[in-house]
Amino acid sequence: AMPVKNKYVKHAHISEAKFRQVILLFSEDLSATQISHLTKISRPTVNKYLTAIRLRILELSLLQSDPLVGQIEVDESYFGARRARGKTIVFGLLKRGDKVYTEIVPNCKSATLQKIIKGKTDVDSVIHSDGWRGYNGLVDFGYKKHFRVHHGKNEFVRGNSHINGIESFWGYAKNRLVKFKGMDKKMFNLHLKECEFRFNNRKQNIYRVLLEIFRKEPLKLS
């Protein structure tokens, strides 16, 4: 098939109107099956588009290099299989009332977590975490303050010191990712970053945000 003119996609085989429909349905969080049904585009083609969209979302997350400054909540969470072995560990930082950043980590050792905290947050930030020892020593790096909530002592909120924001993100992400049970790690990262993107743009019109992104730099299908 000859490529059609489409300002959002390089070498597109679907019209601009069709692509906008795909983006609209994707932003409404419909499944590939539903999108295929509603757009009359074949399921493999829809999948190709959705993967390309998710890859771009991942790319954008990696490009955001401005450190988070302010009240930052940090936490780790386990995704996947019921047994602890084979679970995927995700580390997250959340600037209160704003954005979350997530990263798959090999373990929860101090060195692993602190490297990400140092890379993603400004030292003028106040860090809120649970009592996990992997967070020991942050103040030594120059972080102004580090508050801990000790969940073991039934302490979930102590004044301003809590991690409810990042925990509400984990709840949201786990809820969304239930439908992708048993996927491989590469796909998991794409879906995780999609959760991050949706959460970070929760006050925006995601459809418009995505169109603007592809307007600036058209989508390339591999």
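Author: Strands β2 and β3 (residues 87–95) are paired in the antiparallel sense through nine bridges; here two strands pair if DSSP finds at least two bridges between them. Strands are DSSP runs of E of at least two residues, helices are runs of H or I of at least four residues, and both are numbered from the N terminus. Within this pairing, I72 stands opposite K95 in β3. The model is a predicted one, in which local features need pLDDT of at least 70 and side-chain atom pairs count only at pLDDT 80 or more, whereas totals for chains, interfaces and linings use all residues. Residues are numbered from 1 along each chain as its sequence is written, and side-chain values use heavy atoms, with hydrogens and water left out.

Strand β2 also pairs with strand β5 (residues 126–130), to which it runs parallel, through three bridges. In that pairing, Q71 stands opposite V126 in β5.

As to covering, strand β2 comprises residues 71–80, and seven of its ten residues are buried. Buried means under 20% relative accessible area, exposed means over 50%, and partly exposed lies in between, with a 1.4 Å probe and protein chains only.

E76 has its place in strand β2. Because its relative accessible area is 14%, E76 counts as buried. Leaving out residues up to four places away in sequence, E76 touches V90, F91, C108, D130, W132, Y135 and W170, where contact means heavy atoms within 4.5 Å.

The nonpolar cores complete the account. A nonpolar core is a set of buried Ala, Val, Leu, Ile, Met, Phe, Trp, Tyr and Cys residues joined through side-chain atoms within 4.5 Å. The largest such core has 26 residues, of which F19, I23, L50, I53, L210, F214 and L219 touch the most other members. Helices α1, α2, α3 and α7 each supply at least two residues of this core. A second, separate core of 16 residues includes I72, together with L68, I89 and F91. I72 is the residue opposite K95 in β3, and F91 is among the residues that E76 touches.

Finally, the count of disulfides comes to zero, a disulfide being a pair of cysteine sulfur atoms within 2.5 Å.
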